[in-house]
Amino acid sequence: MNRLVVISNRVTVSTDKKARAGGLAVALQDALRENGGLWFGWSGKTVQKPSCQPAMVTDGNVTYATINLSRKNFAEYYNGFANRTLWPLFHYRLDLTAFSKQNYSGYQQVNTLFASKILPLLEDDDTIWVHDYHLIPLGEELRRTGVTQRMGFFLHIPFPAMEIMTALPSHRSLIRSLCAYDLVGFQTENDLRAFFDYIVHEAGGKIIGNHRIQAFGRTLKVQVFPIGINTEAIIRETLNSSRSKMARGLMDRPSDKDWIIGVDRLDYSKGIVERFQAFERLLENYPAYRGRVTLLQIAPPSRSEVPEYKEIQHTLEAEAGHINGRFADYDWVPINYLSKSFTRQNLVSLYRNSRIGLVTPLRDGMNLVAKEYVAAQNPHDPGVLVLSRFAGAARELDSALIVNPFDFDSVADAIAKGLDMPMEERRERWSAMMETLRANTLGTWRDDFLKSLNDVR
Ligand code: ADQ
């Protein structure tokens, strides 16, 4: 096997104790360690005058190389084109998509900068794996400088329908640059279909079978790799967490009260406002649940420099205030909205102690919370997952109660069905989902992608 080079917007250095090593970071670090590797990306810092050389940290056979960005680059590339153009567009929010030539040019500049800094660090036999929408043009930039190594790209977010994609003024050059990779991976068949549609009907390309397409003068492989979780690690964490102070506190709460849990980064794509409204509908349509169920919503702020993200926090606070004002009683609050992060250990305890996992994004590439909720359940008395049909995870977790998050009545009905679901049905649905989560883990996702990339030529 060749040396692996991972390139992503942010880098998680394994020696940085402060970095919250999420599942994905650990999975990538494992792959890097296997045959030695390099992880390149932005340090997370913006400075007045970025230094010319990447900062390098070595841990065993893995090197982490990071660069700082200027404030202007950061504003245009990250807050601008990545998070105010591509993110909303790829999540079907044309109404929130801000098109700006200047931001697009900043996005391209940072991709060119990344390419120029990585180039001297590359070795002839490297396998290069680029992650996510921040770095779509990077492959083409590297090819332009003569890089011939195998290069793969994985899109963590949805690929939008052609009609949405073509609203982007620079759609053609963006998709042309995506075709510079040898392998492009998507989360679901739906994303792949949307991509095929663009290639055939907009780019004049061809699907030539065996996961291959021809477009923009190149032949490449395109494939679906649904990202998974580290299922066994979640199960272990759940068992360990039962000893934590928080878990003990949770178990002491009155047994006639149930929790419904929502866990998200604060983002409009996650449908949290609509979730609150569906919960309000539950309390309107099913008065028997008043005083009996609480929606525990955990949503720490993210991307707070982007105006739309500030706004959603205010909207959520107002919505929770309105519902609590309308229904709360001296001994019960309908919505407990916590705008902070939790450790993984506490998170899995909360999952396990909640009767319903309410995961209702309006669009989501995959949604790992849905998978984590299922893995954290008690096999003898599992909770019920209510899952949006617009989350990539709905393709695999089809034994969940699948809902349309825009239809509040149907979400309220599904919650009520979940709260009253007999034990046998809960176990059956849970077992079917666990089988999938055991078969397709984060590790198999990574290995399948790398195997497919290594088989390209
Ligand atoms: P995200 O949009 O960030 O990721 P998601 O998959 O839901 O979304 O969650 C990522 C991780 O963050 C999960 O492991 C979750 O436990 C953790 N997390 C979320 N909220 C948290 C909180 N309040 N406190 C602590 N931890 C929290 C993008 C795409 C997704 C895709 C992933 C992976 O948008 O569609 O599933 O990448 O490819």
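Start by selecting Leu296, which stands opposite Asn336 in E13. The model on your screen is predicted, so local features need a pLDDT of at least 70 and side-chain atom pairs count only at pLDDT 80 or more, while totals for chains, interfaces and linings use all residues. Residues are numbered from 1 along each chain as its sequence is written, and side-chain values use heavy atoms, with hydrogens and water left out.

**Stop 1: the parallel sheet**

Now widen the selection to strand E12 (residues 293-298), which runs parallel to E13 and is joined to it by four bridges. Helices (H or I, at least four residues) and strands (E, at least two) are DSSP runs numbered from the N terminus, and two strands pair if DSSP finds at least two bridges between them.

Which strands share this open sheet? Its six strands follow the order E13-E12-E11-E14-E15-E16, with parallel pairing. At the edges, pairing on one side only, are strand E13 (335-338) and strand E16 (401-403). From one strand to the next the twist averages 20°; axes are lines fitted to C-alpha atoms, for helices over the stretch in contact, and angles run from 0 to 180 degrees between N-to-C directions.

**Stop 2: the ligand**

Keep H12 displayed and bring in the ligand: helix H12 (344-352) and helix H13 (368-375) each supply at least two residues of the shell around the ligand. That shell holds 22 residues, the closest being His156, Pro300, Asp364, Met366 and Glu372; a residue counts as near if one of its heavy atoms lies within 4 Å. By class, 11 are nonpolar, five polar and six charged. In this scheme Ala, Val, Leu, Ile, Met, Phe, Trp, Tyr, Cys and Pro are nonpolar, Asp, Glu, Lys and Arg are charged, and the others, Gly among them, are polar.

Where do backbone atoms meet ligand oxygens? A backbone N or O atom of Gly365 lies 3.0 Å from a ligand oxygen. For Asn367, a polar backbone atom is 2.9 Å from an oxygen atom of the ligand, and a backbone N or O atom of Leu368 lies 2.9 Å from one. On its own the ligand has 720 Å² of accessible area (Shrake-Rupley method, 1.4 Å probe), and the protein covers 85% of that area.

**Stop 3: the mixed sheet**

Finally, select the open sheet of 10 strands, E3-E4-E2-E1-E5-E6-E7-E10-E9-E8, where the pairing is mixed. Strand E3 (55-59) and strand E8 (206-209) are the edges, each pairing on one side only. Neighbouring strands are turned by 25° against each other on average, direction ignored.

At the E3 end, E3 and E4 pair in the antiparallel sense over five bridges, and Ala55 has Thr66 in E4 as its bridge partner. These two strands form a hairpin with two residues between them; Gly60 in the turn has a positive phi of about 65°.

End at strand E9 (residues 212-215), joined by four bridges to the antiparallel strand E10 (residues 218-224). Ala215 stands opposite Arg218 in E10.

Terms used:
A polar contact is a pair of N or O atoms within 3.5 Å; within protein, one must be able to donate a hydrogen and the other to accept it, and residues adjacent in sequence count only if both atoms are side-chain atoms.
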